[in-house]
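Try each task before reading its solution.

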Amino acid sequence: MPLQQKIQSIAQDRHTDYFGIADLTPYHNRIPFEGGMDITTYPRAISIGITMFHDIVDQLPNRKQRAVCIAYKHHCYDVINVRLDNVISELSSEIQHAGHRVYPIPASKRVNDKTISAVFSHKMAAHLSGLGWIGKSCLLITPDRGPRVRWATLLTDAPLSATGTAIPDQCGECRKCVDICPVAAFTGRSFHDSESRELRYNALKCQTYFRKMQKNNEWALCGMCVYVCPNGQRNS
Ligand code: SF4
Ligand code: SF4
């Protein structure tokens with residue numbers, strides 16, 4: 001079986017909901033890479049995603065309740081991240097055994113506290129492989145499940161074919177995520193790949209909000225930017 005077919009089949013067998021391959025070469029000079037490595041040695045990114053559970057996400061307006069907070073953090077965050085990391089690890093071994101380089105990116109690990117960013121943007125990998133657009137919330141918005149998806153990424157030099165290209169912004173006049181954010185972390189500006197994230201999103205405001213909740217011994221959870229997006233809601 002060809003390598004591309006084999007890894008896609010593994011991802012599907014492990015119940016991932018999204019699979020994409022991005023050609024990074026046109027974006028090498030534009031994608032911030034925080035790991036101290038040279039991104040140009042990885043011409044492709046594999047992106048996988050798992051959908052969060054609607055019944056839990058729909059409870060986020062009640063996020064101050066202990067049961068809601070625990071359910072979201074456990075089943076929409078920790079457990080899905082482990083599932084994603086396991087699949088990415090398995091795909092990495094498969095590709096490395098076939099003689100190619102791989103660099104698996106952890107599903108949710110920050111490497112830069114100043115910019116509050118990971119070693120590589122999972123959202124960017126999913127975006128460039130044609131799985132969605134970057135919304136005003138700076139989240140990856142899929143056409144069918146909106147931002148209700150968690151992502152993981154694997155960089156590689158394996159000769160795989162891109163599954164798609166970047167989907168243009170489809171937020172239109174919507175500002176629901178901008179208006180609902182309790183700390184006004186979003187500016188409302190639409191995504192453009194030549195602009196820095198800071199023009200659209202103040203990650204420090206979000207982080208400070210969470211730290212304040214923790215300091216006050218509250219259940220620290222928000223996710224209203226995920227909850228409110230009309231794309232991907234159960235009845236959309
Ligand atoms: S998680 Fe909450 S505070 Fe943070 S950006 Fe989203 S809506 Fe704003
Ligand atoms: S809530 Fe509206 S503006 Fe925000 S990401 Fe979703 S569609 Fe775009």
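A crossing is left-handed if the near helix is turned anticlockwise from the far one by less than a right angle, and right-handed if clockwise. This is a predicted model, in which local features need pLDDT of at least 70, side-chain atom pairs count only at pLDDT 80 or more, and totals for chains, interfaces and linings use all residues. Residues are numbered from 1 along each chain as its sequence is written, with chains lettered from A and ligands numbered from 1 in the order in which they are written.

**Exercise 1.** Describe how α1 packs on α3.

Step 1: α1 (residues 3-13) and α3 (residues 66-97) pack at about 160°, their axes 10 Å apart. Axes are lines fitted to C-alpha atoms, for helices over the stretch in contact, and angles run from 0 to 180 degrees between N-to-C directions.

Step 2: Angles over 145 degrees count as roughly antiparallel, so α1 and α3 are roughly antiparallel to each other.

Step 3: The crossing of α1 past α3 is right-handed.

**Exercise 2.** Find the residues of α1 and α3 that meet.

Step 1: From α1 come Leu3, Lys6, Ile7, Ile10 and Ala11; from α3, Val87, Glu90, Leu91, Glu94 and Ile95. Contact requires C-beta atoms, placed from the backbone, within 7 Å.

Step 2: Sorted by class, this contact has 7 nonpolar, no polar and 3 charged residues. Ala, Val, Leu, Ile, Met, Phe, Trp, Tyr, Cys and Pro count as nonpolar, Asp, Glu, Lys and Arg as charged, and the others, Gly among them, as polar.

**Exercise 3.** Count the helices and strands of the chain.

Solution: There are 7 helices and 8 strands, taken as DSSP runs (helices H or I, at least four residues; strands E, at least two) numbered from the N terminus.

Terms used
Parallel < 35°, antiparallel > 145°, perpendicular 65-115°, else oblique. Contact = placed C-beta atoms within 7 Å.
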